Each structure stands twice: as C-alpha cells, then as structure tokens.
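Visitor: I would like to learn how to read charge pairs and helix contacts in a model. Where do we begin?

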Amino acid sequence: MITDTHTHLYSDQFDDDRKEMIERAKNAGISRFFIPAIDSSYTTKMLALEKDYPNDVYLMMGLHPTSVNENYQEELNLVKNWIDKRNFYAIGEIGIDLYWDTSFLRQQQEAFKTQIQWAKEKKLPIVIHCRNAFDEVFEILEEEKGDDLYGIFHCFTGTLEQAQKAISYNMKLGIGGVATFKNGKIATFLHQIHLKNIVLETDAPYLAPTPYRGKRNESSYITFVIDKLVNIYDKTFEEISEITTQNSKEIFGV
C-alpha cells in the first residue's frame, strides 16, 4: 500500500484524463490520496472528487498562503465554516510563501497562526507550505509548539538543520519529486533523517520527478520517489512503501 500524502487531483490540468490518471495510480499500488485545499474556488471540485472516490480520497481544508490577500478574513471564515460542518483529515495546506509576493506577509502570518489554532481545537494535523520563508514559519511554530501541534512539512526543500528543526515540532517531512532532481540538495543528507520521519507525496500536477521533470506530475509517479529512497535508505520498495504509509497513518489517523 502506497500513500500520496499531497496531491491536487482536482487540478484543471487533470480535467481531460482524471479518471485514467487516478486509475494509473491505483494500478501502481497507490490507494490513499490526501487532497490539500487552496482556497474556496476549489472546494466544489474537491467535494466532487471525494464523492467519485469515497474509498481512496481524503480531504484537507485550509487557506493556502498564496491565496492570502485583501479578503483573507472572508476566506478564513469559509474555512472555519467547513471544518465546523464536517470531517476533514488535516488543516492544509497552510503556511507562508514569500517567493512571489512579500506584501501580504503580516496577513499570511495571521492566517497561518489562526489555522494552526483551529487544528489544535479540532485535534487535527497541519500540512505546511513553506517557500522562501523558513525563518518566518519556524517563528510561528515556536510560538505554537506543543503536543497538540503535529503534521507534515510539505515538499521539504531545506537544509539538514532545518529538517531537524521541523521534526522537533512534531512534523514529518513530505518528500517528493525534488529528491530525485540532480541538484536536489535534500538527497545528499536524507540518509541522516530516520525513515520514521518521512512521508511520500507528489504535489501533482507540480514537481514531477526525474525522468518527467518539467512535465505534468501525477500520483503514479510517486514510484520514482520510492525508487530514490530505496537507494538512500538501502530498503526494499515494499519496505519504503509500508513504513511511509504507516507514518501517514500516524499523522492523519486513518
């Protein structure tokens, strides 16, 4: 059993072949797909995906940092309404992104902190998006740290020191296509991170692994990530699949 802990299966990029793409993934052994939220414009598609694949798809709810702008309070209210209304498996993806725009940093910080607190209230994990913002993310995690704070540091691309710091806040590291890149720095130190701290993800349709780098990613390509971890950890394909799926169960509770 293989788990993709982060895949945007509702993306417009899959509109022409979503059924076939998901079938390819299931044929490759991926049977658990965790679906992060971005903002309210995707909610209807997420719910439709869950309806079509009730035994395979697990939804998160949250406001992505790049969707934080002037009306972020309105978006946060919608997030709160949803998590009060029904079950989700995580609050995510949430965090701070300073790659495209730094003008809403304060609002991103507020949205991140608020959603962490909601996760604690609901006893849910968080799934963190961090881009060009490790210091800012760690600052808030330091304020909120505790036994009730846990989750996944999605698409981890930091240093060994940053990896260890993330783990100290009860975070698993989400490892995907970047680990297969020729210049993917995390592959140089991942062997120093215990496999119990790792979960697998694709972030499809983004960040396709080698040999599909630069093309549309899909959940079936997670097998290339596993192949990379087989070499790094000197484990079998089945062992990597089993351990990382068990790690995902510890986080999501399912």
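## Salt bridges and a helix contact

Guide: Being four residues apart in helix 3 (residues 72-85), Asp84 and Lys80 are separated by about one helical turn. Keep in mind that this model is predicted.

Visitor: What do Asp84 and Lys80 form, and how far apart are the closest N and O atoms?

Guide: The general idea is that side chains of opposite charge can pair when their charged atoms come close. Here, Asp84 and Lys80 form a salt bridge, with 2.9 Å between the closest N and O atoms. The cut-off for a salt bridge is 4 Å between a side-chain nitrogen of Lys or Arg and a carboxyl oxygen of Asp or Glu. Asp84 has a relative accessible area of 43% and is partly exposed. Lys80, at 22%, also counts as partly exposed.

Visitor: How many salt bridges does this rule give?

Guide: The count comes to 17 salt bridges. One of them joins the side chains of Asp12 and Lys45, at 2.9 Å from N to O.

Visitor: Where do Asp12 and Lys45 lie?

Guide: Asp12 is in the loop between strand 1 (2-4) and helix 1 (18-27), while Lys45 is in helix 2 (residues 43-52), so the pair ties together parts 33 residues apart in sequence. Asp12 counts as exposed at 52% relative accessibility, the cut-off being over 50%. Lys45 counts as partly exposed at 27%.

Visitor: Which residues are linked in a network with Asp12 and Lys45?

Guide: Asp15 and Arg18 are linked with Asp12 and Lys45 in a network of salt bridges. Another pair is Arg24 with Asp17, where the closest N and O atoms are 3.5 Å apart. Arg24 is partly exposed, at a relative accessible area of 36%.

Visitor: Now for the helix contact. At what angle do the axes of helix 7 and helix 8 cross?

Guide: The axes of helix 7 (residues 222-233) and helix 8 (residues 237-252) cross at roughly 105 degrees and come within 9 Å. Angles of 65 to 115 degrees count as roughly perpendicular, and helix 7 and helix 8 are therefore roughly perpendicular to each other.

Visitor: Which residues make the contact?

Guide: Helix 7 contributes Thr223, Ile226, Asp227, Leu229, Val230 and Tyr233, and helix 8 contributes Phe237, Ile240 and Ser241. Sorted by class, the contact of helix 7 with helix 8 has six nonpolar, two polar and one charged residues.

Terms used
Residues are numbered from 1 along each chain as its sequence is written. This is a predicted model: local features need pLDDT of at least 70, side-chain atom pairs count only at pLDDT 80 or more; totals for chains, interfaces and linings use all residues. Side-chain values use heavy atoms; hydrogens and water are left out. Axes are lines fitted to C-alpha atoms, for helices over the stretch in contact, and angles run from 0 to 180 degrees between N-to-C directions. Helices (H or I, at least four residues) and strands (E, at least two) are DSSP runs, numbered from the N terminus. Angles under 35 degrees count as roughly parallel, over 145 as roughly antiparallel, 65 to 115 as roughly perpendicular and the rest as oblique. Contact means heavy atoms within 4.5 Å. Ala, Val, Leu, Ile, Met, Phe, Trp, Tyr, Cys and Pro count as nonpolar, Asp, Glu, Lys and Arg as charged, and the others, Gly among them, as polar. Buried means under 20% relative accessible area, exposed over 50%, partly exposed in between (1.4 Å probe, protein chains only).
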